[in-house]
Amino acid sequence: MKKLLFLFMLCASFTMIAQDDDFEDYESNLNWLTDLAEAKKEAVASKKPILIYFTGSDWCAPCKMLKKDFFYSEAFEEKADQFVLLMIDMPRRVDIISEEQQKKNNNVVSKYNTSGGYPNLVVLNDKLHIIGELSGYTFLRETDRHFAFIEAILENY
């Protein structure tokens, strides 16, 4: 009986570790802005498109997976310097972002994420016109269409 209990506890521990690992915040060298006005200034100065990542950092499991699988991949980090990166977080917990930031994010969401999908990628030109959009991420964790999306944007920008 003790062996069975030990085996159960061991399995439970590995399950919890695996779940924590799936949603762990990974370190990255990406420079995410959180203000659209600042992103626009940078886009005008650098002549780069703005890639907006709409996320629910504390509640959206696909957002967390996309962050880990796509944004924190070496392949994306190599492409990231060709974009102005803007993260618009819509957390449920009120202690994650300030009230002021929440108001700014609400304004961006109402204009550029009208479908309300999370995760959602929207690319804007330096005049803040939408030039591309890709919504969702599946539990299959395939990033092919996300890479194809950013490649298409870069080819046509």
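This is a tour of a predicted model, one selection at a time.

**The whole chain**

Start with the whole protein chain in a cartoon view. The secondary structure comes to 6 helices and 4 strands. Along the sequence, these elements follow the pattern α-α-β-α-α-β-α-β-β-α. Colour the chain by burial next: of its 157 residues, 41% are buried. For contacts between residues at least 6 apart in sequence, 68% join residues at least 24 apart.

The 4 strands form an open sheet in the order 2-1-3-4, and the pairing is mixed. Strand 2 and strand 4 (130-135) are at the edges with a single partner strand each, so one side of each has no neighbour in the sheet. From one strand to the next, the twist averages 15°.

Select strand 1, residues 50-55, together with strand 2, residues 84-89. These two pair in the parallel sense, over 6 bridges. To check this pairing in the viewer, find isoleucine 50, whose bridge partner in strand 2 is valine 84. Then find phenylalanine 54, whose bridge partner in strand 2 is isoleucine 88.

Strand 3 pairs with strand 1 in the antiparallel sense, over 5 bridges. Here phenylalanine 54 stands opposite asparagine 120.

**The side chains of strand 1**

Keep strand 1 selected and show its side chains. In a regular strand, side chains alternate between the two faces of the sheet. Which residues of strand 1 point one way, and which the other way? Ile50, Ile52 and Phe54 point one way, while Leu51, Tyr53 and Thr55 point the other way. Are these residues buried or exposed? All of them are buried. Because 6 of the 6 residues of strand 1 are buried, the strand is largely enclosed by the rest of the structure.

Select helix 6, residues 144-156. Helix 6 lies across strand 1, strand 3 and strand 4, and runs at about 175° to strand 4.

Move to helix 5, residues 99-112. Its 14 residues should span 20 Å at 1.5 Å a residue, and the end C-alpha atoms are 20 Å apart, which agrees.

Colour helix 5 by burial. An α-helix has 3.6 residues a turn, so residues three or four places apart point the same way. Which residues of helix 5 are buried? They are Gln101, Asn105, Val108, Val109 and Tyr112.

**The aromatic rings**

Select the aromatic side chains. The structure holds 8 aromatic pairs. A pair of aromatic rings is described by the distance of the centres and the angle of the planes.

Zoom in on phenylalanine 70 and phenylalanine 71. Their pair is edge-to-face, 5.0 Å centre to centre with 65° between the planes. Phenylalanine 70 and phenylalanine 71 are both buried. Next, turn to phenylalanine 70 and phenylalanine 76. Their ring centres are 4.9 Å apart and the planes are at 45°, so this pair is tilted. Phenylalanine 76 is buried, as is phenylalanine 70.

Tyr53 is one of the residues already seen in strand 1.

The last selections concern the backbone. Most residues other than glycine have a negative phi, and most peptide bonds are trans.

- Select tyrosine 118 and proline 119: a cis peptide bond joins them, with omega about -10°. Proline 119 is in the loop between helix 5 and strand 3.
- Select lysine 47, in the loop between helix 2 and strand 1. Lysine 47 is not a glycine, yet has a positive phi of about 60°. Its relative accessibility is 66%, so lysine 47 counts as exposed.
- Select arginine 141, in the loop between strand 4 and helix 6. Arginine 141 also has a positive phi of about 60° although it is not a glycine. With a relative accessible area of 25%, arginine 141 is partly exposed.

Technical notes. Residues numbered from 1 in each chain as written. Predicted model: local features only at pLDDT ≥ 70, side-chain atom pairs only at ≥ 80, totals over all residues. Heavy atoms only, no water. Buried < 20%, exposed > 50% of the residue type's maximum accessible area, 1.4 Å probe, protein only. Pairing = 2+ DSSP bridges. Axes fitted to C-alpha atoms, helices over the stretch in contact; angles between N-to-C directions. Contact = heavy atoms within 4.5 Å. Expected span 1.5 Å × (residues − 1). Phe/Tyr/Trp six-rings, centres within 6.5 Å; stacked < 30°, edge-to-face > 60°.
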